[in-house]
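Morning, everyone. Please look at the model on the screen while I talk.

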Amino acid sequence: MVLCQFPLHSNLLHTLFDCLIDSYIKNKVGLAENFLSEPLAAHLKENLIALYSGRHLLPAGIGNDALLVHDNLIRSDKIFWLDPKHNDPHENAFFDLMDHFIRYLNSTCYTGITGYEFHYTLYEKGAFYKKHFDQFRSNKSRAFSMIMYLNTGWQEADGGELCIYHSDHSQMIAPRNGKCVFFKSSELEHEVLQTHQPRLSITGWLKSG
Ligand code: OGA
Ligand code: MN
């Protein structure tokens with residue numbers, strides 16, 4: 001498995017992107033440690049905690065638009081969408097990073113990504129998300145899934161692993177701070193195992209078409 005550990009520094013950005021893309025090509029799951037710099041991860045985590053304290057997080061749904069349903073037997077995480085309209089400096093720094101990544105991905109892999117959407121995610125103690133695909137049957141615009149974790153000091157006993165189902169094995173990924181996971185939304189079924197500590201992340205999709 002390819003695991004990369006580069007600090008986020010402008011002249012190392014492409015090395016970091018290469019790490020994520022190369023491991024994706026090799027293993028169907030891209031992994032990059034420290035994809036979010038420590039300061040950016042810390043600021044986004046502060047935002048998420050403030051949103052949670054202010055009761056702005058909403059139960060995540062299943063499906064999209066008119067078909068959206070809430071079923072906490074399937075998933076029990078809470079979310080809040082990032083938006084440039086918030087004029088939050090840390091959200092904007094995050095969007096900047098994504099803009100750079102998408103430009104790089106499109107120019108090196110001809111992926112044709114034209115947009116993205118990201119939300120803050122919080123799994124309270126005991127929360128989970130059962131086995132699923134990220135692409136909707138009715139709307140295939142989600143091309144790639146990207147998850148970035150905001151959990152410092154995560155221990156094995158804390159649970160909350162992302163379990164990805166490959167055809168011949170499953171892969172467990174601990175939600176450790178700064179790590180980014182990247183995979184094709186239509187391709188891999190996955191689940192979030194029950195967490196024993198609050199589990200924080202930024203989750204989103206790169207869109208095409
Ligand atoms: C999702 C999801 C994985 C994770 O939100 O669709 O699968 O590790 N998240 O949080
Ligand atoms: Mn998912």
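**Ligand 1 and its surroundings**

I'll start at the ligand. Tyr149 puts a polar side-chain atom 2.6 Å from an oxygen atom of ligand 1. Keep in mind that this is a predicted model. His190 also has a polar side-chain atom by the ligand, 2.9 Å from an oxygen atom of ligand 1. Then there is Arg199. An N or O atom in the side chain of Arg199 is 2.8 Å from an oxygen atom of ligand 1.

Which residues are around ligand 1? Going up the sequence, they are Tyr129, His132, Asp134, Ile147, Tyr149, Leu162, His190, Val192, Arg199, Thr203 and Trp205.

Now the sheet. Four strands make up an open sheet, in the order β5-β10-β7-β8. The pairing is antiparallel. Which strands sit at the edges? They are β5, residues 129-132, and β8, residues 170-173. Each of these pairs on one side only. From one strand to the next, the twist averages 15°.

Tyr129 and His132, from the ligand list, fall within the numbering of β5. Leu162, also around ligand 1, falls within β7, residues 162-165.

Let me stay with β7. Strands β7 and β8 run antiparallel, and four bridges join them. Across that pair, Cys163 stands opposite Met172 in β8.

On to the helices. Take α1, residues 13-27, and α3, residues 89-109. Their axes come within 11 Å. The crossing angle is roughly 60°. What is the hand of the crossing, right or left? α1 passes α3 in a right-handed crossing.

Who makes the contact? From α1, we have Leu13, His14, Phe17, Asp18, Leu20 and Ile21. From α3, the residues are Leu97, His100, Phe101, Tyr104, Leu105, Thr108 and Cys109. How does the contact of α1 with α3 split by class? Nine residues are nonpolar, three are polar and one is charged.

Leaving aside residues up to four places away in sequence, Asn106 touches Thr111, Gly112 and Ile113. Look at Ile113 in particular. A polar atom of the Asn106 side chain lies 2.8 Å from the backbone nitrogen of Ile113.

To recap the ligand: Tyr149 at 2.6 Å, Arg199 at 2.8 Å, His190 at 2.9 Å. That's my tour. Over to you.

Key. Residues numbered from 1 in each chain as written. Chains lettered and ligands numbered in written order. Predicted model: local features only at pLDDT ≥ 70, side-chain atom pairs only at ≥ 80, totals over all residues. Heavy atoms only, no water. Axes fitted to C-alpha atoms, helices over the stretch in contact; angles between N-to-C directions. Helix = DSSP H or I, 4+ residues; strand = E, 2+ residues; numbered from the N terminus. Left-handed = near helix turned anticlockwise from the far one by under 90°. Contact = heavy atoms within 4.5 Å. Nonpolar A, V, L, I, M, F, W, Y, C, P; charged D, E, K, R; others polar. Pairing = 2+ DSSP bridges. Near = heavy atom within 4 Å. Polar contact = N/O pair within 3.5 Å; in protein donor to acceptor, adjacent residues only side chain to side chain.
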